[in-house]
Amino acid sequence: MNILERVVVGVCRGVLWLSTLVIFLILSANTVLRYATGTSLQWANEVPELLFPWLVMAGVVLAAAHGAHITTSFLMDAVPAAVRRVVGALGWLAVAALYGTLAIATVRMLEIVHDEKSPILQVPGSITYGCVAGGMVLLALLALQSAWKAWNPAPQPADTAEPTVPAAHW
């Protein structure tokens, strides 16, 4: 992994762990409180709702960083390396442009949704939309990096053929 991937993965893992931990602790405490005393924390349902988009976006970016999204590569495997290089780089540039477009559109919406406040804590809606915008920027950066890697593939070792195993003689 290069520095960009390490930073993106590190930030997303931190957000994923922190949001999961906070959601778990709040929901557990609220459940115990509800069964022990018959009351609950009023804000305890709101915080997980605010953190869940951060958890999901971090997971999406991590999946992209690890190449864990669904792909169909049989067509690309059937074409010559030069065609793969061009089509791969152009495809990833298109993906980066689309993520960039989504990031820009989301940033433009921040001012609109900023006035929407959560009922109890009064957290602006722009906080949740901000995580989507940030996730789109990270996805665009990863797509640009993938375009670079597609255009400049790592050299393959000369001996990549699988060794042949002699047939068994009976």
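This briefing covers a helix, a salt bridge, a nonpolar surface patch and several single residues of the structure above. The model is predicted. Helix α1 spans residues 3-37, and what covers its buried residues includes α2 (46-65) and α5 (126-151). The structure holds 1 salt bridge, which pairs lysine 149 with glutamate 5. A nonpolar surface patch of about 730 Å² draws at least two residues from each of α4 (81-113) and α5.

**Helix α1**

- Helix α1 has 35 residues, and the distance from its first C-alpha to its last is 50 Å, close to the 51 Å expected at 1.5 Å a residue.
- At the start of α1, asparagine 2 places a side-chain oxygen within 3.1 Å of the backbone nitrogen of leucine 4.
- Just after α1 comes glycine 38, with a positive phi of about 80°.
- The buried residues of α1 are Glu5, Val8, Val9, Cys12, Ser19, Ile23, Ile26 and Asn30.
- An α-helix has 3.6 residues a turn, so residues three or four places apart point the same way.
- Helices α2 and α5 are among the parts that cover these buried residues of α1.

**Serine 19**

- Serine 19 is found in helix α1 and counts as buried because its relative accessibility is 4%, where the cut-off for buried is under 20%.
- A polar atom of the serine 19 side chain lies 2.7 Å from the backbone oxygen of valine 15.
- The serine 19 side chain also reaches the backbone oxygen of leucine 16, at 3.2 Å.
- Beyond its neighbours within four places in sequence, serine 19 is in contact with Leu51 and Leu55.

- With neighbours within four places in sequence left aside, the contacts of glutamate 5 are Ala65, Leu142, Gln145 and Lys149.
- Side chains of opposite charge can pair when their charged atoms come close.
- In the salt bridge between lysine 149 and glutamate 5, the closest N and O atoms are 3.1 Å apart.
- Because lysine 149 lies in helix α5 and glutamate 5 in helix α1, the pair ties together parts that are 144 residues apart in sequence.
- Lysine 149 has a relative accessibility of 42% and therefore counts as partly exposed, whereas glutamate 5 is buried at 10%.

**Nonpolar surface patch**

- The patch is made by Val83, Val86, Val87, Leu90, Leu93, Val137, Leu141, Leu144 and Trp151, with an area of about 730 Å².
- Helix α4 gives the most to this patch, with 5 residues, and α5 also supplies at least two.
- Leucine 144, one of the patch residues, has its place in helix α5.
- The relative accessibility of leucine 144 is 42%, so leucine 144 counts as partly exposed.

**Arginine 84**

- Arginine 84 lies in helix α4 and, at 31% relative accessibility, counts as partly exposed.
- Not counting residues up to four places away in sequence, arginine 84 touches Met76, Asp77, Val79 and Ala89.
- Between arginine 84 and leucine 144 the C-alpha to C-alpha distance is 16 Å, with 60 residues separating them in sequence.

**Valine 132**

- Valine 132 lies in helix α5 and counts as partly exposed because its relative accessibility is 28%.
- Apart from neighbours within four places in sequence, valine 132 is in contact with Met57 and Thr106.
- Valine 132 and leucine 102 are 30 residues apart along the chain, and their C-alpha atoms are separated by 9.0 Å.

**Glutamine 122**

- Glutamine 122 has its place in the loop between α4 and α5.
- Most residues other than glycine have a negative phi.
- The phi of glutamine 122 is near 60°, a positive value in a residue other than glycine.
- Glutamine 122 counts as partly exposed, at 44% relative accessibility.

Technical notes:
Residues are numbered from 1 along each chain as its sequence is written. This is a predicted model: local features need pLDDT of at least 70, side-chain atom pairs count only at pLDDT 80 or more; totals for chains, interfaces and linings use all residues. Side-chain values use heavy atoms; hydrogens and water are left out. Helices (H or I, at least four residues) and strands (E, at least two) are DSSP runs, numbered from the N terminus. The expected span of a helix is 1.5 Å times one less than its number of residues. Buried means under 20% relative accessible area, exposed over 50%, partly exposed in between (1.4 Å probe, protein chains only). Contact means heavy atoms within 4.5 Å. A polar contact is a pair of N or O atoms within 3.5 Å; within protein, one must be able to donate a hydrogen and the other to accept it, and residues adjacent in sequence count only if both atoms are side-chain atoms. Patches are made of residues with over 30% relative accessible area and no salt bridge: like charges are joined within 9 Å, nonpolar side chains (Val, Leu, Ile, Met, Phe, Trp, Tyr) within 5 Å. Accessible areas come from the Shrake-Rupley method with a 1.4 Å probe; for residues, only the protein chains shown count as cover. A salt bridge is a side-chain nitrogen of Lys or Arg within 4 Å of a carboxyl oxygen of Asp or Glu.
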